[in-house]
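Hi everyone, thanks for making time today.

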Amino acid sequence: MKTEYDVLIIGSGASGGMAAHTLTRLGAKCIMLDAGPMIDPDKQRVLRPVADLPYRGFGKPGRFPHVTQANEFSANMWADEKQNPYTYDPGNPYYWVRIRLVGGKTLAWGRASWRLSDYEFKCKDHDGFGDNWPIAYKDLVPFYDRVEPLFRVSGRKEGFEQIPDGVLLPDESRDSLCVQRFLASCKKHEVPTTKQRRSTGTLASSLNLLLPDAIATGNLTLVPNAVVRELSRDKATGKVTGAHFVDRVSKREFHVKAKAVVLGASCLESTRILLNSKLANSSGVLGHYLFDQFYVKNVVQAIVPEARGGNAPRNLMGGGGYIPRFRNLKSKSKDFIRGYAYDFGSGNTPGPQYYSSYGEKLWKQMADSQGAGFSLTTMGEVLPRFESFVRINRMKTDAWGIPVLHIQQKYTANEFAMAKDSMNTAEELCKDAGFEILAKHWEMVPPGESIHELGTCRMGSDPKTSVLNQFNQTHDHKNLFVVDGSSFVSGGAQNPTLTILALTLRASEYLIEQAKKNNL
Amino acid sequence: MQRRSILYSMLGLAPAAMGWQSSDAQIPTTAAEAVSMGLPKFFSAPEMEAFAELGQTLIPPFDGRPGAKEAEAPEFLDFLLGQSPNEIQVLYKQGIATYLLRRKAGVDAALKELSEPWTYAGPSAPYAKFLQAAKLAFHQATINSRQWAEAMSTRSRSAAGIGSYWLPVE
């Protein structure tokens, strides 16, 4: 007779790792299934000259049609698109970017760690669109406070209501002269600025910050290469009883039993598992309200004139920062609701695509602007809409015979208006800082490319319009929890990982409380 | 490390051509591209000649750095195009055919589309799209070449073109 575990955790990234970290330390016997292999990041990566790579850094053509982040150096890290297909309507491409390794996307995340605020949690109260979360910012504060030290988040406290301060390692770094000029321009235009808030350390991953502590309790059994087909259910009680999974390598089928299940397989994979299992969808909204954050990469590429020709004085170039949302806080924009943020940085060298030249003239222009660049990238809030959704495409299966997702998401007039506003504003800020505008645009990357996919399994107080309650517990099955980004009701412009971690910590402690009361 | 470099030079092999994992590579090896010429596969001989000429026009040698020709970028891109998706192959095949016709009026006339200002989406006309794609591809293939790395190693102490490479997981 095999063990029946207290909790089955599916996924080992930010949410799965945080669930394991919390549940095992509270004494629960957990089993974790991850679809990918176990790796040692120190041994997995080596220094190589690009000229020694078979494709000179271009990568094998056609290997990753939807992963613009993949280059030949990182190609072996990303999930294989042929083994893990999905579909979309040809006119509406969706870029689903995945990593299938133990540690998940925390092996490669950008580490930006911002709190959400009541501008997100109570968004409907603010502008009337969509739905509020069933929690307020104050409900999540104690959990943010515990997650930030764990991930060693650095930043600067500013007192901005839209990005609340947290438990931060102080960032006392000085700004370069060009950044100081840009900050002064922002101040003149009443645009807020701050330092980046980032998790720090050589590796800031579930693999080194969460899983080792969980393993050390003796309460975690980790099974890599376990591709979950579907969850199992007891028809009499309605409770989930475990999961059917396939060994990734041998394709042998298995079943594991548990008293409770925590899904943290990543936003769309968790929803795919639920849809394939025909669970948690009495509301009919499972799979719906898919959204992300739109990016306009290098919305403005500028040049700092004094740095031209390699003549930058000491301390002129280098460094960057962050502009949090500033639209639709106290006043209202006529063109759109919600808002956007920017990352900005200096000291880059604009690529050859920006110059209408070739030959020696091109070389001279590039040499002249080497290290003189200043650029901004827009990250904007996308409105959650019922019409943006995922469903199971039963006509297509993955390498393990599991039906795949069909994904449909389109940006709408609100996002387009926001993107255009972000270009005009960035141009104005750069010009007032004395920078030359080399290029500007407001083309958003395709939905999904920001790797901030959210929703499809959203929280809510009403079981008729939501899948999860305020503790990430499914309304339909008391012993089933979903803790990744699929639970979001709205997302703001902030990178979501810190909130996923805080929500998971909260949900995991609730699960233990309820288990002790025999309420699951 | 110095002893190893001396050994490599005695063997007539450039250090840049060596396997980078000094702890694992007990037997020195070299990449094929360092000692041999890739054979053309995608373009015909006349097309290849025109493609190489285009590469050298777009990305010539400059300030002691190799150009596309010296970096053997045309040969490398011919190999890359041979494995590329069909729409890319069509773009380059049709593009080089148009270039062959247009260059009779002079190279500047053949490349006038490159003077159009930058847009995020890039040009929509196939020939202009080809020229823009070729310009970027020749540039990247040149600066990512062994010849470029060797030229830069004499000018700068920074390690040009070295990155953290993910080994195949299994």
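Let's begin at A:A20. Leaving aside its neighbours within four places in sequence, A:A20 is in contact with A:I9, A:C30, A:M32, A:L210, A:L211, A:A214 and A:L220. Contact here means that the C-beta atoms of two residues, placed from the backbone, lie within 7 Å.

A quick word on the ground rules. This is a predicted model, where local features need pLDDT of at least 70, side-chain atom pairs count only at pLDDT 80 or more, and totals for chains, interfaces and linings use all residues. Residues are numbered from 1 along each chain as its sequence is written, while chains are lettered from A and ligands numbered from 1 in the order in which they are written.

Back to A:A20, then. A:A20 is among the residues with the most contacts inside the largest nonpolar core, together with A:V7, A:L8, A:C30 and A:V261. That core has 146 residues, and helix α12 (residues 497–516) of chain A supplies the largest share, eight residues. By nonpolar core I mean a set of buried Ala, Val, Leu, Ile, Met, Phe, Trp, Tyr and Cys residues joined through C-beta atoms within 7 Å. Buried means 20 or more other C-beta atoms within 10 Å of the residue's own, exposed means 12 or fewer, and partly exposed is in between, again with C-beta atoms placed from the backbone. Helices (H or I, at least four residues) and strands (E, at least two) are DSSP runs, numbered from the N terminus.

How do α1(A) and α12(A) cross? The axes of helix α1 (residues 14–25) of chain A and α12(A) come within 8 Å and cross at roughly 35°. Axes are lines fitted to C-alpha atoms, for helices over the stretch in contact, and angles run from 0 to 180 degrees between N-to-C directions. The crossing is right-handed, that is, the near helix is turned clockwise from the far one by less than a right angle, with anticlockwise being left-handed. On the α1(A) side, the residues involved include A:A14, A:M18 and A:L23, and on the α12(A) side they include A:I500, A:L501 and A:L505. By class, this contact has nine nonpolar, five polar and one charged residues. For the classes, Ala, Val, Leu, Ile, Met, Phe, Trp, Tyr, Cys and Pro count as nonpolar, Asp, Glu, Lys and Arg as charged, and the others, Gly among them, as polar.

Next, helix α9 (residues 267–277) of chain A. Is it mostly covered or mostly open? Mostly covered, as 10 of its 11 residues are buried. Its buried residues pack against several strands of chain A, including β1 (4–10), β8 (226–233) and β10 (253–263). Just after α9(A), A:K278 takes a positive phi of about 55°.

Strands β11, β16 and β17 of chain A form an open antiparallel sheet in the order β11-β16-β17. Strands pair if DSSP finds at least two bridges between them. The edge strands are β11 (288–290) and β17 of chain A, each pairing on one side only. Neighbouring strands are turned by 55° against each other on average, direction ignored. Helix α9(A) packs on this sheet, touching β16 and β17 of chain A, and its direction makes about 65° with that of β16(A).

Most residues other than glycine have a negative phi. A:N298, however, has a positive phi of about 50° although it is not a glycine. A:N298 sits in strand β12 (residues 293–303) of chain A and is buried, because 22 other C-beta atoms lie within 10 Å. B:E72 has a positive phi too, near 55°, in the loop between α3 (45–58) and α4 (73–82) of chain B. B:E72 counts as buried because 20 other C-beta atoms lie within 10 Å.

Last stop, the interface. There, 35 residues of chain A are in contact with 41 residues of chain B. On the chain A side, β3(A) gives the most, with five residues. Five bridges join β3(A) to strand β1 (residues 162–166) of chain B, running antiparallel, and A:V46 stands opposite B:Y165.
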